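Look at the sequence and the structure below.

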Amino acid sequence: MTGNTPPIPHRPPGLDPGSVSARNANQIPDQVRDDGKRVTHLVLPLLALALMAARFPDHERYDACVAQVRQNPAAAFSTGLDWLDQGGGVAAQHCAGLALSAMDKHEAAGDMLLEAANAAADGKGVQLLGMEITPKLRAQLYAQAGHSYLLAERYAPAIDAFTQALGHSPGAGTSPEAADLMTDRARAHAFSGNLEAAFTDLTVAIGILPDDADIRLLRASAARQTERLETAHQDVNKLLELRPDLPAAWLEKAQLAMTEDDVALARQSLMRAIELDDGGPVAEAARYMLEGLSL
Amino acid sequence: MSHSTLDTPGGPIAYHKTNGDGPTIVFCGGFMSDMEGSKAVALEAHAKATGRPYVRFDYRGHGSSSGTFRDLVISDWLADTLHVLDEVAGDDILLIGSSMGGWIALQAALARKARVKGLILIAPAPDFTQRLMEPSFSAEERAAMARDGFIAQPTDYGPEPYIITQRLIDDGKTLGLLHAPIELSCPVRILHGQQDTSVPWDLSLEIADTLATPDVVVTFVKEGDHSFSGPEDLVQLLATVDGLLG
């Protein structure tokens, strides 16, 4: 029993790719793999586009299509395609892409949104919409494509889409939006197993938003897994300074403590995570990790 | 995560009790376990949902209970378990033991035969001190044990060692079960993951053979690991509880 201590069950994916068996990977909550946040990303630019489109002749059609996405995505997809056939351009593609996303057809949504983004980047559809497509909007379209590819677990096109989004993002890569895109691209890198690239992107993002807890958490995880333990400590300490009651921060502290052989601190941190999130997904992950400390 | 406390001659034991009807389900954790782990808490949630009484607790030297781990041995943790059975649980008991807790549950069932109505053993590790620990000691560790009375065994997740004392090994010999029939007549269910790298799954077959009761069902889960606490494992565990309690 002692010679073969069971491996500590790591937190599932997030920035710990491949650390949990496929059997459990989709069933155990993960503090980092925050699908809810990604869906928010998909919804917010949609509203931005709707607001912009409101100034143009096709806005009512666009608004109706988007409203239909929420009510009946399959019907909205047909609406979007019909409109596209009639020359609806970027707006029609965008609505159809959102409908695919709402139907959980994420890869197809990514393809459709990417097509819309490319068309917008090429200037196609501008006249049909009667609107100027700003760099910010183009960046949002690429970002939406990237989020869809992330949800589809198609990491290479996700990375490409986020890279395109960064290229169109205003502020020469120094804006908060750029930091978000870097963070999203870091997720895609991490899921694809390239933790070095994830760490690099997150380091840039932290340079822009040093007090962003989500980015600190992700970089702490990436730093730990690329054996930059000093940086991981700095991030965890900063994270706990920013958000002392964030359960995921304590879970990461526990992971770091395990990496550094401090089982007592790991146990203590897991207990804090459980206390702060009792009944929640982080506590569940912490309880699972706690199981791995016993024989 | 406030808990109740049971005073015993050896020191306070931390526990959580859920009230309900029927036999009290009592969970015995493993070596260096904690009653906040997934299995103990999942069993509690299930007990609440089904209206059954349930107790989870920390042995002394574990979790929130008193005492220092390295000063204690298996018979201390068996004594803790018997205190919980006698002073916290109801008359009828369904005992669940994980890993070392399986050994303790078997011993506790032998000590309270009339009250224990069923046993669920998860990756049970009776006799592990003799069967699994001692054979794993290197020559250097044997020498250190003879010299110092303890060894520090490294773990897979870092060099902070577990302290294994000669007292623990000697104590284990007095509690060994697998050398003779285990005279229990209650139903026993054994769950064991075949990816267990700590306790070999074929030990469960030996336990089944050694148990006197004919009512033994052994379930192997091909993808299960030693902790047996993934979502599917927990579903299997709760179904086993339901199967025994009806």
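In what order do the eight strands of the open sheet in chain B lie? The model shown is predicted, and in it the order is β1-β2-β4-β3-β5-β6-β9-β10. Strands of a sheet pair through backbone hydrogen bonds, either parallel or antiparallel. In this sheet of chain B the pairing is mixed. The edge strands are β1 (4-6) and β10 (216-221) of chain B, and each of them pairs on one side only. From one strand to the next, the twist averages 20 degrees.

Strand β5 (residues 93-98) and strand β6 (residues 116-122) of chain B run parallel and are joined by six bridges. Within this pair, Ile93(B) stands opposite Val116(B) of β6(B). A helix of chain B, α3 (residues 100-111), lies across β3 (24-28), β5 and β6, and runs at about 150 degrees to β5(B).

Now turn to chain A. Two packed helices are described by the angle between their axes and the distance between the axes. For helix α8 (residues 135-151) and helix α9 (residues 155-168) of chain A, the angle is about 165 degrees and the axes are 8 Å apart. Angles over 145 degrees count as roughly antiparallel, so α8(A) and α9(A) are roughly antiparallel to each other. Their crossing is left-handed.

Which residues make the contact? From α8(A) they include Ala139(A), Tyr142(A) and Gly146(A), and from α9(A) they include Ala161(A), Phe162(A) and Ala165(A). By class, the contact of α8(A) with α9(A) has 12 nonpolar, three polar and one charged residues.

Notes. Residues are numbered from 1 along each chain as its sequence is written. Chains are lettered from A and ligands numbered from 1 in the order in which they are written. This is a predicted model: local features need pLDDT of at least 70, side-chain atom pairs count only at pLDDT 80 or more; totals for chains, interfaces and linings use all residues. Axes are lines fitted to C-alpha atoms, for helices over the stretch in contact, and angles run from 0 to 180 degrees between N-to-C directions. Helices (H or I, at least four residues) and strands (E, at least two) are DSSP runs, numbered from the N terminus. Angles under 35 degrees count as roughly parallel, over 145 as roughly antiparallel, 65 to 115 as roughly perpendicular and the rest as oblique. A crossing is left-handed if the near helix is turned anticlockwise from the far one by less than a right angle, and right-handed if clockwise. Two residues are in contact if their C-beta atoms, placed from the backbone, lie within 7 Å. Ala, Val, Leu, Ile, Met, Phe, Trp, Tyr, Cys and Pro count as nonpolar, Asp, Glu, Lys and Arg as charged, and the others, Gly among them, as polar. Two strands pair if DSSP finds at least two bridges between them.
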